[in-house]
Amino acid sequence: MTTEPGRLRIAFTYKPFLGHDVHEDCRKGLQATVRLLEQLGHELVEAAPQIDQEAFAIAFLTMIAAETRDEIDWAAGLAGRKTSYADFETGTSALALIGQATSAGNYAKALNYMMAVARNVGRFFQDYDVLLTPTLAQPPLPIGSLQLSSAERLMVGWIGRLNAAWLLNAIGIIKPLANKTFDFMPYTPVFNATGQPAMSVPLYWNEAGLPIGMHFVGRFGDEATLFRLAGQLERAQPWFDRGPDLKGLQKPFGSPTSGG
């Protein structure tokens with residue numbers, strides 16, 4: 001894409017919509033990206049839509065759980081047989097169990113809340129062309145870091161055999177899982193729910209040689225602005241031939257700092 005995006009009014013924030021902490025590498029990446037955008041002639045303003053963390057997390061989890069249950073039932077129909085918890089990853093089975101126990105009323109409540117969030121975010125973009133955040137709250141993690149523990153997997157297995165979804169809430173396994181997930185990705189779920197177009201661009205690399213994605217969100221239906229901006233950014237700071245150096249990366253990378 002060689003068409004210039006023109007001078008854009010870009011809001012930015014490092015403060016997480018969900019979760020709690022943002023790693024220093026992600027903060028540095030955001031600061032460096034703000035400077036780059038200013039050098040390219042864009043207007044940068046520190047601002048963000050307001051999101052109720054707890055209400056959003058509950059609504060998001062409710063909808064994902066209900067949709068996971070439906071997807072599993074659909075897969076069972078295609079396969080022509082009944083599925084069991086053992087046919088899927090433990091986290092997927094846990095979500096499906098919650099979806100099975102979710103009432104139609106709670107699903108409708110979650111859906112209505114998400115529509116309200118979409119309208120709120122839409123109003124925010126009346127004043128800005130693009131919103132910039134880190135893509136994630138931490139550098140890339142080792143594979144499996146966000147999985148349930150062995151004890152949690154065992155509990156879900158027994159609950160699946162008993163078909164007793166209500167026990168997941170009783171033993172408190174779901175909230176810690178949701179917190180762990182949202183602490184890692186506190187920005188992207190909001191726009192998964194509202195339908196805003198977004199892109200992750202590798203504009204910053206930490207000392208460990210890992211890319212730190214920068215997350216750009218556009219107005220609803222305005223993918224064209226993001227494509228033009230991506231082209232401008234790649235011309236200014238090319239990344240196509242750059243890759244992470246994975247040698248010696250055998251353990252988690254650092255620790256998060258307060259998100260403020």
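The following legends describe close-up views of a predicted model.

**View 1. Helix 1 and the glycine that follows it.** Helix 1 covers residues 24-39, and its 16 residues reach 23 Å from the first C-alpha to the last, close to the 22 Å expected at 1.5 Å a residue. After helix 1 comes G41, whose phi is positive, near 100°.

**View 2**

**View 3. Strand 1 with its partners, strand 3 and strand 4.** Strand 1 (residues 9-12) runs parallel to strand 3 (residues 43-46), to which it is joined by 4 bridges, and in this pairing I10 stands opposite L44. Strand 1 also runs parallel to strand 4, with 3 bridges joining the two, and here the bridge partner of A11 is L131. In a regular strand, side chains alternate between the two faces of the sheet.

**View 4. The salt bridge between E4 and R235.** The structure holds 5 salt bridges, and one of them pairs E4 with R235, whose closest N and O atoms are 2.9 Å apart. Because E4 belongs to the segment before strand 1 whereas R235 belongs to helix 9, the pair ties together parts that are 231 residues apart in sequence. E4 counts as partly exposed, at 47% relative accessibility, and R235 is likewise partly exposed, with a relative accessible area of 41%.

**View 5. The salt bridge between D87 and R81.** The side chains of D87 and R81 meet in a salt bridge, with a distance of 3.4 Å from N to O. D87 has a relative accessibility of 35% and therefore counts as partly exposed, while R81, with a relative accessible area of 46%, is also partly exposed.

**View 6. The salt bridge between D129 and R219.** D129 forms a salt bridge with R219, and the closest N and O atoms of the pair are 3.0 Å apart. D129 lies in the loop between helix 4 (104-124) and strand 4, and R219 in the loop between strand 6 and helix 9, so this pair ties together parts that are 90 residues apart in sequence. At 18% relative accessibility D129 counts as buried, whereas R219, at 28%, counts as partly exposed.

**View 7. The packing of helix 2 against helix 3.** Two packed helices are described by the angle between their axes and by the distance between those axes. Helix 2 (residues 53-79) and helix 3 (residues 90-101) pack at an angle of about 100°, with their axes 7 Å apart, and the two helices are therefore roughly perpendicular to each other. On the side of helix 2, the contact is made by L61, I64, A65, A66, T68, R69 and I72, and helix 3 contributes T92, L95, A96, I98, G99 and Q100.

Methods:
Residues are numbered from 1 along each chain as its sequence is written. This is a predicted model: local features need pLDDT of at least 70, side-chain atom pairs count only at pLDDT 80 or more; totals for chains, interfaces and linings use all residues. Side-chain values use heavy atoms; hydrogens and water are left out. The expected span of a helix is 1.5 Å times one less than its number of residues. Two strands pair if DSSP finds at least two bridges between them. A salt bridge is a side-chain nitrogen of Lys or Arg within 4 Å of a carboxyl oxygen of Asp or Glu. Buried means under 20% relative accessible area, exposed over 50%, partly exposed in between (1.4 Å probe, protein chains only). Axes are lines fitted to C-alpha atoms, for helices over the stretch in contact, and angles run from 0 to 180 degrees between N-to-C directions. Angles under 35 degrees count as roughly parallel, over 145 as roughly antiparallel, 65 to 115 as roughly perpendicular and the rest as oblique. Contact means heavy atoms within 4.5 Å.
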